[in-house]
Amino acid sequence: MLRDVWLVVGKDLLIEMRARVGINQIVPFAVIVLLLFAFALDTDQAALRTYAPGLFWVTVLLASLLAIGRSFAVDLADGTSDRLLLSGIEPVAAFLGKVIAIAVQLVVLELLLSLGVLLLFDVSVQRFGLLVSAGLVGALGLAVAGTLYGALVAGLGMRESLLPVLLLPVVAPVMLGATRAFQDAFGVAGAQGWAWLGLLVGFAAIYGLFGALSYGTLLEEA
Amino acid sequence: MQQAVRLRAAVTLLGRFPALAGVDLDILPGEVVLLKGANGAGKTTLLRLCAGLCVLSDGQAWVLGHDLNTQRQMVRRRVALMGHSTGLYDELSVTENVSFWGRAARASHKEIHDALELLQLTGRLARTRARQLSAGQRRRACFASLLVRRPELWLLDEPHAGLDQQSRDIVDSLVLSAAQDGATVVMASHELERIQKLQPRVVSVAGGMVDPKAVAHAS
């Protein structure tokens with residue numbers, strides 16, 4: 001199964017590198033959102049620092065919607081969804097492969113946005129380990145839930161508008177946990193960062209298990 | 001001998017419409033079968049049912065010995081379906097596409113290389129991204145990606161569509177070679193004259209039903 005997982009990861013990442021949708025569309029979109037937040041709160045540097053973690057994760061979340069939608073659009077083009085069903089790749093492997101590919105893209109996006117936050121929002125990192133851990137697990141949580149709901153809406157009409165409606169409420173725990181962990185990592189609030197990281201781990205584990213069990217059925221309906 | 005395909009009163013609904021309305025059909029291993037019928041007769045749905053991609057709403061169906069009600073996953077691993085689409089990723093090259101589908105089916109590097117050679121997808125063409133291919137070249141790349149699966153049952157929907165003369169000849173020789181190697185071939189085509197060279201058994205499909213003579217001939 002691991003072989004199939006890496007096969008899917010390699011395929012998805014190679015397609016994204018070639019298509020350059022991430023670099024040409026998703027990253028600029030995220031940077032623009034971050035800039036707009038900075039402009040909106042520019043007069044109040046203290047507020048900018050306080051809200052930086054939340055604004056960071058709202059930006060990541062909005063950009064992740066584009067990445068997830070794009071990932072499933074690729075697998076619906078020119079009969080590739082049927083070919084995947086016929087391919088012999090286990091649904092669990094297809095699920096994990098897509099999760100990892102999306103998570104890798106989100107981590108790259110987070111790295112770029114982190115630089116933006118450090119420069120624009122005048123924050124400094126107090127707990128580097130917590131920042132990295134929350135960034136990785138937060139990306140994983142978004143990728144897990146996004147892959148599950150991406151597959152759910154893939155077979156439905158109006159999937160571009162339906163995905164945000166369904167996904168955004170579901171990932172509220174990721175937003176909350178990741179924001180609190182980042183607040184602690186940036187030292188802008190007295191949150192128990194590592195405890196909030198536990199919530200992120202739990203979310204990713206529960207949705208990962210649920211996705212692994214149900215992904216095959218969802219692909220059948222796509 | 002166990003049939004490669006055995007359908008009994010098979011019904012498949014597309015929404016509420018019975019695309020297949022009680023099909024009885026037997027196809028023996030190694031047979032080449034041509035599905036003949038007008039547009040909308042149910043040929044494509046019949047091929048997709050045999051591939052395990054459509055739900056059997058009523059009746060019974062076995063493909064390669066597997067019950068389509070309970071073992072569709074087992075069927076899917078052993079068949080190759082060429083529909084109207086090619087199943088290629090636009091951003092991947094021909095070689096990358098064929099390798100991806102081949103590796104998913106546990107094909108060796110040599111099998112992938114041989115399939116590309118056989119379909120004359122070599123040199124610059126092998127490195128060309130699928131989005132830059134002509135319709136005929138896409139079709140050939142699709143064939144190569146199916147060939148590496150070593151299918152026991154080929155399900156071909158208009159396999160000659162969009163191909164030039166040379167590519168059509170390649171496809172014909174592939175189909176013949178597959179049948180000679182013991183694979184079963186079921187195809188839908190309007191190009192009856194060309195298909196005759198393959199000496200298929202002709203099965204007529206109309207209104208989601210199969211001509212009863214087709215079953216009598218096979219048994």
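Mentor: Start with contacts: two residues are in contact when they have heavy atoms within 4.5 Å. Keep in mind that this is a predicted model.

Trainee: What share of the contacts in chain B with a separation of 6 or more comes from residues 24 or more positions apart?
Mentor: Such residues account for 70% of them.

Trainee: Why is the radius of gyration of chain B said to agree with a compact globule?
Mentor: The globule rule is 2.2 Å times the number of residues to the power 0.38. For 219 residues that gives a value near 17 Å, and chain B has 17 Å, so the two agree. Along the principal axes, the C-alpha atoms of chain B fill a box of roughly 50 × 35 × 35 Å.

Trainee: What makes a residue count as buried, and how many do in chain B?
Mentor: Buried requires under 20% relative accessible area. In chain B, 55% of the 219 residues count as buried. The accessible surface of chain B is about 9500 Å², with 50% of that belonging to carbon and sulfur atoms.

Trainee: Where in chain B is confidence lowest, and where is it highest?
Mentor: It is lowest in helix 9 (residues 213-218) of chain B, at a mean of 47, and highest in helix 3 (residues 94-104) of chain B, at 94. Over residues 215-219 of chain B the pLDDT is below 50, and this stretch has seven contacts in the model beyond near neighbours in sequence. The mean pLDDT of chain B is 87, with 96% of its residues at 70 or more.

Note on methods:
Residues numbered from 1 in each chain as written. Chains lettered and ligands numbered in written order. Predicted model: local features only at pLDDT ≥ 70, side-chain atom pairs only at ≥ 80, totals over all residues. Heavy atoms only, no water. Buried < 20%, exposed > 50% of the residue type's maximum accessible area, 1.4 Å probe, protein only. Areas by Shrake-Rupley, 256 points an atom, 1.4 Å probe, with all protein chains shown as cover. pLDDT = per-residue confidence, 0-100. Helix = DSSP H or I, 4+ residues; strand = E, 2+ residues; numbered from the N terminus.
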